[in-house]
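Open the model in a viewer and keep the selection panel at hand. The stops below go from one chain to the pair.

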There are 2 protein chains.
Amino acid sequence: MKKKEDRLFLVTNDDGIRARGLEALIEVVRPFGEVFVIAPEEGQSGMSHAITVKHPIRIRKVSEEEGLVRYSSNGTPVDCVKLALHKLLKRKPDMILSGINHGSNSSTSIIYSGTMAAAIEGCMNEIPSIGFSLLDYSPDAKFGSVVKYVEIILRRALEKGITEDTCLNVNFPVNSCHKIKGIRICRQNKGMWKEEFDHRTDPQNRDYYWLTGEFHNLEPEAPDTDEWALHHNYVSIVPVHVDLTSYRALDQLRKWDIESG
Amino acid sequence: MKKKEDRLFLVTNDDGIRARGLEALIEVVRPFGEVFVIAPEEGQSGMSHAITVKHPIRIRKVSEEEGLVRYSSNGTPVDCVKLALHKLLKRKPDMILSGINHGSNSSTSIIYSGTMAAAIEGCMNEIPSIGFSLLDYSPDAKFGSVVKYVEIILRRALEKGITEDTCLNVNFPVNSCHKIKGIRICRQNKGMWKEEFDHRTDPQNRDYYWLTGEFHNLEPEAPDTDEWALHHNYVSIVPVHVDLTSYRALDQLRKWDIESG
């Protein structure tokens, strides 16, 4: 394992440079090495793996002190990671940490998540990466009860390493009445968002819509899923990869008898 | 199999309502059933699975004729699918078709793709979905040589069905000198974008950056991948699912001995 003074962490999020969850993550990471932060200037929730190609990207140095530099950017979380890796950092970071997100990224919510997209981008660049999320959407969310687990997971990841082509999706439960029970290694739960649109009319009498929705768990009784773990007050860790191939479906597709040439 | 008059297709893209590729797709689909189009007002390339939560979404009816309605929206491709499914359509479509994209969505490019995000959103809503992309980024790309294959694949998908929780990522090669050789069922190639940033200074002497990049194929000799098929002038079909769990990594993670409670 590398010495602390040789380690470089890249830290980002999708809630923006001023988010409490980002500060909580920075505080946990600092004792482990040098920290380079680049996060969106404003919140970028729901941006998924979007990249900015239609307008110029700008960056701003926010602060600099011993072992900690902070930048912000008008880009997406994935833009932030790309900027750091390919423009701002002189060497490859040892690990990319994203979060702590204000809100859940468990189950299929991962697909929409800017926080997890940043971790996935790290993984695509062959850098061990972890995304952390707390099941509390409030800007005032309290991270005090979960930083202990961030540290446990970070320490273990540095010791043991993360499987190649994989990053980790870590979610923390929120339950003010009960203490967190422990940590579970899980698979991604099967679930979907049942969307609704709040239909309104503006002062010029034109229609507009706000996206709203409710998560439906399609396998609430499956104890090996992240949703089950979180619902039962465990921290969930799902190993995530970027190969979207459904190997199960390959066989069915071959029966289409459509291949030729 | 349903009769033509009972079938409803939802068609979208990420290049916008005026894109040639969208028109090419509409023309192929029309003989198979009723077509409902909703596409972004402007191009939304690189938007991945982004959803709009910070500003209101608006829609506009573009045209209406027998068996074909066109809407546009200021939202992302995924917003378009959500609007259609949860607000605009009176019944669930039989299939969602996205594209034909101007540019490749093979290998890991799928992660950044708005075209494929729309198909994945369909799959998450338990609707058979296919994304089509042509390896030509030009707005004037010629789709004449590939519409035949869109029709073959569409016909087979209607006959045979698509495996549950799976959508299809179809890419077409571009090679003006040689005819397309046929169709291959493939897995997602392992590759990555090596990014660079074009650093410029604006008239007010402020720095800004444009994202550029080059794709690196990490397994150019693997004949079961989409990249190989496309490079050898085949149409590639990759079955794609939304479970990002790396089952291979679950075992390694369990050896961390971090589970408790």
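Two strands are taken as paired if DSSP finds at least two bridges between them. The model is a predicted one.

**Stop 1: chain A as a whole**

The chain has 6 helices and 11 strands. Along the principal axes, its C-alpha atoms fill a box of roughly 60 × 55 × 55 Å. The radius of gyration of chain A is 19 Å, which agrees with the value near 18 Å that a compact globule of 261 residues would have. Of the 261 residues in chain A, 51% are buried. Among contacts in chain A with a separation of 6 or more, 76% are between residues 24 or more positions apart.

**Stop 2: the sheet of chain A**

Colour the strands next. In what order do the 9 strands of the open sheet in chain A lie? The order is S3-S4-S2-S1-S5-S6-S7-S11-S8, and the pairing is mixed. Strand S3 (59-65) and strand S8 (182-185) of chain A stand at the edges; each has a single partner strand, so one side of each lacks a neighbour in the sheet. On average, neighbouring strands of this sheet are turned by 20 degrees against each other, direction ignored.

S3(A) is joined to strand S4 (residues 68-73) of chain A by 6 bridges, and the two run antiparallel.

**Stop 3**

Select residues 20-29 of chain A, which form helix H1. This helix lies across strand S1 (8-12), strand S2 (34-40), strand S5 (95-102) and strand S6 (129-134) of chain A. Its direction is at about 140 degrees to S5(A).

Then select helix H4 (residues 147-160) of chain A. H4(A) lies across S5, S6, strand S7 (166-172), S8 and strand S11 (234-241) of chain A. Relative to S6(A), H4(A) runs at about 170 degrees.

**Stop 4: a hairpin in chain A**

Move to strand S9 (residues 191-201) and strand S10 (residues 207-217) of chain A, which pair in the antiparallel sense over 11 bridges. S9(A) and S10(A) form a hairpin with 5 residues between them. In the turn, A:Asn205 has a positive phi of about 65 degrees.

**Stop 5: the sheet of chain B**

Switch to chain B. Its open sheet of 9 strands has the order S3-S4-S2-S1-S5-S6-S7-S11-S8, with mixed pairing. Which strands of chain B stand at the edges? They are strand S3 (59-65) and S8, each with a single partner strand, so one side of each has no neighbour in the sheet.

S8(B) and S11(B) run parallel and are joined by 4 bridges. B:Arg184 stands opposite B:Ser236 in S11(B).

H3(B) lies across S1, S5, S6, strand S7 (166-172) and S11 of chain B, and runs at about 170 degrees to S6(B).

**Stop 6: B:Leu134**

Select B:Leu134, a residue of strand S6 of chain B. Is B:Leu134 buried or exposed? B:Leu134 counts as buried because it has 27 C-beta neighbours inside 10 Å, the cut-off being 20 or more. Not counting residues up to four places away in sequence, B:Leu134 touches several residues, including B:Gly21, B:Ile100, B:Phe143 and B:Phe172. For a distance to draw, the C-alpha atoms of B:Leu134 and B:Gln44 are separated by 16 Å, with the two residues 90 residues apart along the chain.

**Stop 7: where the chains meet**

Show both chains and select the contact residues. Here 66 residues of chain B are in contact with 66 residues of chain A. Elements that give two or more residues to this side of chain B include helix H2 (77-88), helix H4 (147-160), strand S9 (191-201), strand S10 (207-217) and helix H6 (247-254) of chain B. By class, the side of chain B that touches chain A has 33 nonpolar, 18 polar and 15 charged residues.

**Stop 8: the relation between the copies**

Finally, superpose the chains. Chain B is brought onto chain A by a rotation of 180 degrees with 0.0 Å of shift along its axis, at an RMSD of 0.0 Å. The two copies are therefore related as by a two-fold rotation axis. The same surface serves both copies, as 100% of the contact residues of chain B recur in chain A.

Key. Residues numbered from 1 in each chain as written. Chains lettered and ligands numbered in written order. Predicted model: local features only at pLDDT ≥ 70, side-chain atom pairs only at ≥ 80, totals over all residues. Contact = placed C-beta atoms within 7 Å. Nonpolar A, V, L, I, M, F, W, Y, C, P; charged D, E, K, R; others polar. Rg over C-alpha atoms; globule rule 2.2 N^0.38 Å. Buried ≥ 20, exposed ≤ 12 C-beta atoms within 10 Å, placed from the backbone. Axes fitted to C-alpha atoms, helices over the stretch in contact; angles between N-to-C directions. Least-squares fit on C-alpha atoms with pLDDT ≥ 70 in both.
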